Amino acid sequence: MNRLFLIPLLTILFTVGLTAQTSTGFGFKGGLNYNANGKYFESISTNAKNPDRNIGYHLGIFGKIGNKVYFKPELMYTSTKSDYDNDTFKMEKLDAPLLVGIKVLGPISVFGGPAFQYILDTEYDGISIKDIENDFTLGLNFGIGFNIKRVGIDLRYERGFNNNEAQFFIDELSTDPGRLDTRPDQLILSLSFIL
């Protein structure tokens with residue numbers, strides 16, 4: 001699994017190296033996430049709790065090759081949070097979207113592509129969760145961007161493809177673990193700057 005994560009990372013590093021020699025460039029980006037993960041199932045019950053959306057953030061780097069049609073790989077640190085009644089699920093991850101975009105009208109473009117994700121840390125109600133089905137997952141990003149010279153703003157939607165369940169015990173007396181779907185389901189607003 002870790003080898004699969006290295007593929008997008010090497011692609012990004014290669015692209016950043018290429019863009020240093022082209023006119024399109026590379027840069028920094030950051031912004032806010034409006035996130036909700038999947039359902040939470042209590043240990044004894046089959047009743048599911050749906051999450052309330054909450055705000056998180058992301059910071060990272062990106063490369064951009066092309067003008068009318070472009071390739072834009074990114075590498076970002078992302079922190080998300082979802083609320084379940086009185087409990088909170090927090091997740092920190094590395095995201096590596098590999099986006100292809102096209103300008104549709106002046107400075108406006110649309111884009112989409114796969115997003116590779118590597119989960120760094122998860123916590124539910126103050127309990128660190130170590131037993132996640134897959135640390136490495138795959139999702140989809142698509143959205144719309146607005147760019148003027150070196151500055152860009154984009155709004156995108158991200159959704160994880162595969163189920164990725166975390167299991168954990170709320171206390172020492174529990175015999176059945178609680179389960180939480182860690183797939184991202186979020187809107188992402190970013191501000192970017194090409195160097």
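In the predicted model, a salt bridge joins the side chains of Lys 93 and Glu 158 at 3.6 Å, N to O. A salt bridge here is a side-chain nitrogen of Lys or Arg within 4 Å of a carboxyl oxygen of Asp or Glu. The pair links distant parts of the chain, 65 residues apart. Lys 93 belongs to strand β7 (residues 87-105), and Glu 158 to strand β11 (residues 151-160). Strands are DSSP runs of E with at least two residues, numbered from the N terminus. Residues are numbered from 1 along each chain as its sequence is written. Because the model is predicted, local features need pLDDT of at least 70 and side-chain atom pairs count only at pLDDT 80 or more, whereas totals for chains, interfaces and linings use all residues; side-chain values use heavy atoms, with hydrogens and water left out.

Lys 93 and Glu 158 are both buried. Buried means under 20% relative accessible area, exposed over 50%, and partly exposed in between (1.4 Å probe, protein chains only). For Lys 93 the relative accessible area is 1%. Lys 93 also meets Asp 95 in a salt bridge of 3.2 Å, N to O. Asp 95 counts as buried because its relative accessibility is 3%.

The salt bridges number eight by this rule. One of them joins the side chains of Lys 72 and Glu 74 at 3.7 Å, N to O. Both Lys 72 and Glu 74 are buried. These two residues belong to a network of salt bridges that also links Lys 29, Asp 154 and Arg 156.

Thr 137 lies in strand β10 (residues 136-148). Thr 137 is counted as buried because its relative accessibility is 7%. Its side chain makes a polar contact of 2.8 Å with the side chain of Gln 117. Such a contact is a pair of N or O atoms within 3.5 Å; within protein, one must be able to donate a hydrogen and the other to accept it, and residues adjacent in sequence count only if both atoms are side-chain atoms.

The largest pocket holds about 210 Å³ of space. It is lined by 12 residues, and the closest to its centre are Lys 64, Asn 67, Lys 103, Lys 149 and Ile 194. A pocket is an open set of points on a 1 Å grid over the protein atoms alone, where a 1.4 Å probe fits, with protein on both sides within 12 Å along at least five of seven lines; lining residues have an atom within 4 Å of a point. The lining comprises three nonpolar, six polar and three charged residues.

Technical notes: Points joined across faces, edges and corners; volume = space filled by probe spheres on them. Nonpolar A, V, L, I, M, F, W, Y, C, P; charged D, E, K, R; others polar. Helix = DSSP H or I, 4+ residues; strand = E, 2+ residues; numbered from the N terminus.
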